[in-house]
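Reader: I am new to this structure and would like a friendly tour. Could you show it to me and then take my questions in turn?

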Amino acid sequence: MTDLPGRISLREVGPRDGLQNEDPVPTEAKVELIDALSHTGVGRIEAVSFVHPKAIPQMADAAEVWSKVRRAGDVRYSALVPNLRGAERALEAGFTELEVVVSASDTHNRKNVNRSTEESLDDIAKIIALAHDHDATCQVIVSTAWGCPYEGDVPVERVVSAATRAVRDGADSASFGDTTGMATPPRVTRLVGEFRMANPETSLNLHFHNTRGTGLANVLAALQLGVSDFDASVGGLGGCPYAPGATGNIASEELVHMVEDMGVATGVDLDALIDVAARAERMVGHTLPSQVLRAGPRGRTIPA
């Protein structure tokens, strides 16, 4: 394991990707979750999404949430935007880090934003330019990167082509999303390798779901390739409203628990993160899938 990165960067996506798949929770509860995560050592938080409230009503209060968050100086906060209007709203709210998403699968993209992949990429070029005009960064997230619930497998070449188009249009970094939980370690290895050959200087983030139980195995495969930037969601909150059955981002506390034991630093206080996962579970009112939340870290003991 000597070739593993010494440290990874974790972007906590529970407040956005997690809560958008739950019944709407009160604005104050969202603010409390973000504020609690800000004190766990997590360095980056995807806070909200500026989508149309009819599409994702769970994110209708994005601007209000952001206005009430007590922003920690050592945490970077970002917002997901689906289109140019969403980007304008995010920038008006004061965000300096934007994420814009496009599906590699044309069918999924139409289900998600009612346009083709190519049409979304045209819009993304304008969003990138707008962000840069406001001294903000913009990451392109290519979803359905390892498969689509409507089309099945998505060709690697199509995924790389979509990401490369956005990078050439100025995207500051790229991310691949396993929207449907169809990724497996060899598929991760191939996509990461192909992308790096096409874009050797571009920072890469990976976003895995645990829908089919391969989430952490995929992280390990990526670590062995030197990838050091991952998304995860507290308690395992999340999924995708336009991908039936695609529940369950990898849990942040499970990711931290695994990589720290492998000698890879995260800067995260695991006990504090587990406490926040328990809070998130109470907030949504049902059991979350995180096994580390259930069992605790491996060193936890009970009285004999």
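**A loop residue to begin with**

Author: Let us begin with Asn114, which lies in the loop between helix 5 (106-113) and helix 6 (117-133). Helices here are DSSP runs of H or I with at least four residues, strands are runs of E with at least two, and both are numbered from the N terminus. Before you ask more, please note that this is a predicted model, where local features need pLDDT of at least 70, side-chain atom pairs count only at pLDDT 80 or more, and totals for chains, interfaces and linings use all residues. Residues are numbered from 1 along each chain as its sequence is written, and side-chain values use heavy atoms, with hydrogens and water left out.

Reader: Is Asn114 buried or exposed?

Author: Buried means under 20% relative accessible area, exposed means over 50%, and partly exposed is in between, using a 1.4 Å probe and protein chains only. Asn114 has a relative accessible area of 68%, so this residue is exposed.

Reader: What is the phi of Asn114 near?

Author: Asn114 is a residue other than glycine, yet its phi is positive. The value is near 60°.

Reader: Where does Thr144 lie, and is Thr144 buried or exposed?

Author: Thr144 is another residue that is not a glycine but has a positive phi, of about 50°. Its place is the loop between strand 5 (137-143) and helix 7 (156-168). Because its relative accessibility is 0%, Thr144 counts as buried.

**The chain as a whole**

Reader: How many helices and strands are there in the protein chain?

Author: Both kinds of element are present in the protein chain. The count is 12 helices and 8 strands.

Reader: What radius of gyration does the protein chain have?

Author: The radius is taken over C-alpha atoms, and the globule rule is 2.2 Å times the number of residues to the power 0.38. For 304 residues, a compact globule would have a radius near 19 Å. The protein chain agrees with that, at 18 Å.

Reader: What share of the residues of the protein chain count as buried?

Author: The C-alpha atoms fill a box of roughly 60 × 45 × 35 Å along the principal axes. Of the 304 residues in the protein chain, the buried share is 57%.

Reader: What share of the contacts comes from residues 24 or more positions apart?

Author: Contact means heavy atoms within 4.5 Å. Taking contacts in the protein chain with a separation of 6 or more, residues 24 or more positions apart account for 74%.

Reader: How many disulfides does the structure hold?

Author: A disulfide is a pair of cysteine sulfur atoms within 2.5 Å. Cys138 counts as buried because its relative accessibility is 1%, and Cys148 counts as buried at 2%. The number of disulfides in the structure is 0.

Reader: How far apart are the C-alpha atoms of Ile34 and Trp66?

Author: Along the chain, Ile34 and Trp66 are 32 residues apart. Their C-alpha atoms are separated by 9.4 Å.

Reader: Which residues is Asp169 in contact with, leaving aside neighbours within four places in sequence?

Author: Asp169 lies in the loop between helix 7 and strand 6. Its relative accessible area is 31%, so Asp169 is partly exposed. The C-alpha atoms of Asp169 and Ile128 are separated by 7.5 Å, although the two are 41 residues apart along the chain. Leaving aside neighbours within four places in sequence, Asp169 is in contact with Leu121, Ala125 and Ile128.

Reader: Where is Ser175, and which residues does Ser175 touch, not counting residues up to four places away in sequence?

Author: Ser175 has its place in strand 6. At 0% relative accessibility, Ser175 counts as buried. Not counting residues up to four places away in sequence, Ser175 touches Arg11, Gln139, Val140, Ile141, Val142, Leu204, Asn205, Leu206 and His207.
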